Amino acid sequence: MKKVIMDVDTGIDDALGIMLAIRSGVLDVLGITTVNGNVSLEAATLNTMKILEFLQADPGIGVYPGASRPLLRRPHFEHRVHGEDGLGGALPDMIPSNRSRSETYGPDFIIRQARRHPGEITLIATGPLTNVAIAVSNYPGIVHDLKEVIVMGGATGTYGNVTPTAEYNMYVDPEAAKLVLEAGFPRLALVGLDVTRKALLTDGDIGAIGDTAIARYVRDSTRDYMRRYRERNGVDACAMHDPLAVGMAIWPELYETKRYFVDVETKSKLCDGQTVCDVQNRLGREPNVDVCLRADSGEFIRRFIEVLRD
Ligand code: BDR
Ligand code: CA
């Protein structure tokens, strides 16, 4: 089994990413660190614990709260997209098992695990990169201890989803994102809006999961998310941003990447959080990111449904 740590700001699609990881049967989830983003750190932690409880996941999978705010900026929650609670109102009565909540600070957990299993861990980050940046700052050697980092974030050849140019995870903590991109990870993959906007889940797909508690959860949690996605994008579906990033750890053969130099804008009122990909190497800088250019989204959605089906 592939060892992974997930870093999440749970979040409707983060929750579906967690479901995919836990149910895939091929990932050994060592723990889940939480970060402020879509919702507050407290809410992201609670939602993560609820999902683990709902899945009846191994109680050994701990939840490790990390940063409660971006490095330098104020939080920017996305209740309009993810609902007041962050799960689109699903699982309102779920009482999560407290066994999963740990006192260990999220970035410390990432560092400890990376040192314990050098070269073995894939870190999958589906929220703002604050925890990852803190881990890198406190222990720069982590760039060689982690096997790879997969980030849901950025929009390298397309428009943004929070400002005209910026993708949400990059926008919320661009200083953290910049620090992570510049850290020198030998393998750092960006799964951005260019590909995640094509991984669309429809009502019909949810129907194909079957008549199960999981299918009902997916329908409940995505109802408003899908409505908003339809209003914004004119399609009857919603994007599986975070699950598609998780999928890269499970089914790498579905993804095509290319190494480029990528930087994040941090000093522009108009463009903060924009990921700039130097396709023609005009800056002459060493490539630092494996940018995901294509993913077989049809096959991904088919396998995603299969994993969620009982
Ligand atoms: C990202 O932003 C968040 O709202 C989602 O959870 C996802 O991680 C997509 O831009
Ligand atoms: Ca997220």
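1. For residue classes, Ala, Val, Leu, Ile, Met, Phe, Trp, Tyr, Cys and Pro count as nonpolar, Asp, Glu, Lys and Arg as charged, and the others, Gly among them, as polar. On this basis the shell around ligand 1 holds three nonpolar, six polar and five charged residues.

2. The model is predicted: local features need pLDDT of at least 70 and side-chain atom pairs pLDDT 80 or more, whereas totals for chains, interfaces and linings use all residues. Residues are numbered from 1 along each chain as its sequence is written, and chains are lettered from A and ligands numbered from 1 in the order in which they are written.

3. Around ligand 1 lie 14 residues (C-beta atom, placed from the backbone, within 6 Å), of which Gly11, Asp13, Glu167, Tyr168 and His241 come nearest. Helices H1 (12-24), H7 (168-172) and H12 (241-250) each give two or more residues to this shell.

4. The protein has 13 helices and twelve strands, taken as DSSP runs (helices H or I, at least four residues; strands E, at least two) numbered from the N terminus. The C-alpha trace spans about 55 × 45 × 40 Å along its principal axes.

5. Helices H4 (residues 106-116) and H5 (residues 130-138) have axes that come within 8 Å and cross at roughly 55°; the axes are lines fitted to C-alpha atoms over the stretch in contact, with angles from 0 to 180 degrees between N-to-C directions. Gly106, Pro107, Ile110 and Ile111 of H4 meet Asn131, Ile134, Ala135 and Asn138 of H5, contact being C-beta atoms, placed from the backbone, within 7 Å. By class, this contact comprises five nonpolar, three polar and no charged residues.

Key
Two residues are in contact if their C-beta atoms, placed from the backbone, lie within 7 Å.
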